[in-house]
Amino acid sequence: MVNVMYKKAIYIGFFLFFPLSCVIAFAEEMINIPSGSFLMGKEPLASELLDDPVLLKDFEMDKFEVSQAAYKKVFPAFEYPPGTDRHPVSHVTWHEAQAYCEKLDKRLPSEAEWEKAARGTDGRIYPWGNKKLRKRAHPSYSGMVKRIVGFNKKDVSFYGVREMASSVWEWTTGGHLSNQVIRGGLWNEHLDYEYSKVYDRIELSPDQRFIFVGFRCAR
Amino acid sequence: MTRIFLGVLGGVATFFKSSNTAFAGFNFWRSSEYVGKTRDGIYEKFYIQYYKPFKRIKGDSWTLKITGLCEHPQDLSLAEINTLPIKSQVSRIKCVECWSAKAAWSGFSLSELEKRVKPSPEAVGVLFRCADTYVEYLALEDLHHARTLLAHTMNGQPLTDEHGFPLRVIIPYKYGYKSPKAILEIEFVSEAGRGTWNRIGPYSVDGTILPGYDHPLDRGKKRRRITGGEIFD
């Protein structure tokens with residue numbers, strides 16, 4: 001009898017935690033961004049302001065934004081609504097995002113790293129190219145509707161990094177005065193949304209927590 | 001028949017349009033004992049949005065009812081409200097329909113009321129019930145935010161009926177529909193609730209201002225990018 005209950009517990013445990021483990025493993029996949037130079041900034045400003053293209057060593061970038069389940073695995077006190085394991089984490093400060101990355105021997109990307117992972121070396125203005133996507137960026141709703149990370153299969157960068165022009169904005173190490181820079185989310189106007197361009201940037205106080213700000217890590 | 005109807009409709013529209021031009025500043029509500037939505041006259045610089053027209057509130061008979069999960073539910077008169085420690089700030093209201101407008105606001109923080117009524121530990125938020133039958137919910141976390149105000153004064157004067165006399169919320173990092181006006185009752189509740197706007201349209205419960213575009217009325221509606229959260233300029 002005890003043996004049967006023991007087996008049942010193992011089965012239940014397997015079915016409860018295996019999917020969550022898969023979710024976390026899926027979310028932790030990283031993509032190698034090779035060393036070399038790339039054009040950074042807003043065209044045609046890039047060619048006017050930058051005498052030389054920006055040169056970066058090779059690095060790795062999370063393929064997906066950090067999910068709620070992945071964040072909770074590192075910070076168990078973090079709470080989120082049931083059924084939103086695979087939604088991108090949000091309401092985290094810059095310091096919390098940095099702490100998460102460091103716990104996994106990673107770090108937040110610099111602005112240059114973020115932008116190179118998004119646009120590659122051909123100076124494109126969206127992660128997928130230069131044309132606007134016909135796919136709607138977001139439902140007609142005044143607030144952020146989060147979907148599972150990787151939901152937008154069209155928003156794929158030069159190197160295969162996902163959702164760098166949609167979903168949540170992402171903390172980087174770039175900053176000015178006391179602010180930190182976020183990259184790659186959506187611009188809202190009433191009930192309409194547009195994808196951000198790879199050079200769009202927003203400065204925010206690092207202590208702010210917003211539903212529209214998440215992050216991904218680099219290494 | 002349709003042509004006649006459309007002709008009459010066009011005539012009426014032309015009349016009202018020319019009336020507005022000829023009597024700049026005139027609007028129906030200002031001349032009546034009711035107050036409601038308007039964008040005419042001085043309100044071209046600060047649009048007025050109400051859910052439904054309502055009879056103007058008389059300050060001497062108005063009381064703020066504080067109910068729900070608190071130890072000492074009570075009614076406070078306008079005179080009592082005006083004795084609470086004053087907090088002032090300049091902040092911009094950003095409407096979800098794109099416009100924004102800025103003013104200097106004075107009032108008090110919710111914590112001043114909480115000292116009197118002592119909310120129960122299980123209270124997580126507040127439902128505001130307003131004279132225009134509008135209802136809005138705000139979490140205590142948001143109501144305790146340093147930039148959130150229960151305002152009774154605008155630009156150094158008591159709120160006008162249009163701007164929410166005698167008491168309104170100012171929560172500048174959320175869209176204007178989260179700043180209820182002409183408040184009649186504050187109810188402490190144990191579960192997050194929904195507001196009128198969220199129930200009737202595609203408007204989020206959260207109401208946080210997203211990165212996007214703003215058309216400030218005080219700058220000729222010239223479109224500009226905003227970063228999300230409070231607009232500080």
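Reader: How many disulfides over all chains?
Author: The count comes to 1 over all chains, taking a disulfide as a pair of cysteine sulfur atoms within 2.5 Å. This is a predicted model, in which local features need pLDDT of at least 70 and side-chain atom pairs count only at pLDDT 80 or more, while totals for chains, interfaces and linings use all residues. Residues are numbered from 1 along each chain as its sequence is written, chains are lettered from A and ligands numbered from 1 in the order in which they are written, and side-chain values use heavy atoms, with hydrogens and water left out.

Reader: Which cysteines form the disulfide?
Author: Cys101(A) and Cys217(A), with sulfur atoms 2.3 Å apart. The link is left-handed, at -85° about the S-S bond.

Reader: What does the pair tie together?
Author: Cys101(A) is in helix α4 (residues 94-103) of chain A and Cys217(A) is in the segment after β10 (213-214) of chain A, so the bond joins parts 116 residues apart in sequence. Helices (H or I, at least four residues) and strands (E, at least two) are DSSP runs, numbered from the N terminus.

Reader: Is Cys101(A) buried or exposed?
Author: Buried, at 0% relative accessibility. Cys217(A) is also at 0% and counts as buried. The cut-offs are under 20% relative accessible area for buried and over 50% for exposed, with partly exposed in between (1.4 Å probe, protein chains only).

Reader: Charges next. How many salt bridges over all chains?
Author: The structure holds 32, a salt bridge being a side-chain nitrogen of Lys or Arg within 4 Å of a carboxyl oxygen of Asp or Glu. One of them joins Arg119(A) to Glu115(A), at 2.7 Å from N to O.

Reader: Where do Arg119(A) and Glu115(A) sit?
Author: In helix α5 (residues 111-119) of chain A, 4 residues apart, which means about one helical turn between them. Both Arg119(A) and Glu115(A) are buried. They also belong to a network of salt bridges with Glu111(A), Arg183(A), Arg201(A) and Glu203(A).

Reader: Which pair crosses between chains?
Author: Glu194(A) with Arg225(B), at 3.9 Å from N to O. The crossing runs from strand β8 (residues 192-195) of chain A to strand β14 (residues 224-226) of chain B. Glu194(A) is partly exposed at 29% relative accessibility, and Arg225(B) is partly exposed at 38%.

Reader: And what does Arg219(B) form a salt bridge with?
Author: Asp233(B), with the closest N and O atoms 3.9 Å apart. Arg219(B) is in the loop between β13 (212-216) and β14 of chain B and Asp233(B) is in the segment after β14, so the bridge ties together parts 14 residues apart in sequence. Arg219(B) is partly exposed at 40%, as is Asp233(B) at 40%.

Reader: Now packing. Which residues touch the most other members of the largest nonpolar core?
Author: Phe215(A), Trp105(B), Leu113(B) and Phe188(B), out of 98 residues. Strand β6 (residues 99-108) of chain B gives the most to this core, with 5 residues. A nonpolar core here is a set of buried Ala, Val, Leu, Ile, Met, Phe, Trp, Tyr and Cys residues joined through side-chain atoms within 4.5 Å.

Reader: What is Phe215(A) in contact with?
Author: Leaving aside neighbours within four places in sequence, its contacts (heavy atoms within 4.5 Å) include Tyr71(A), Tyr100(A), Trp169(A) and Trp171(A). Cys101(A), one of the disulfide pair, is also among them.
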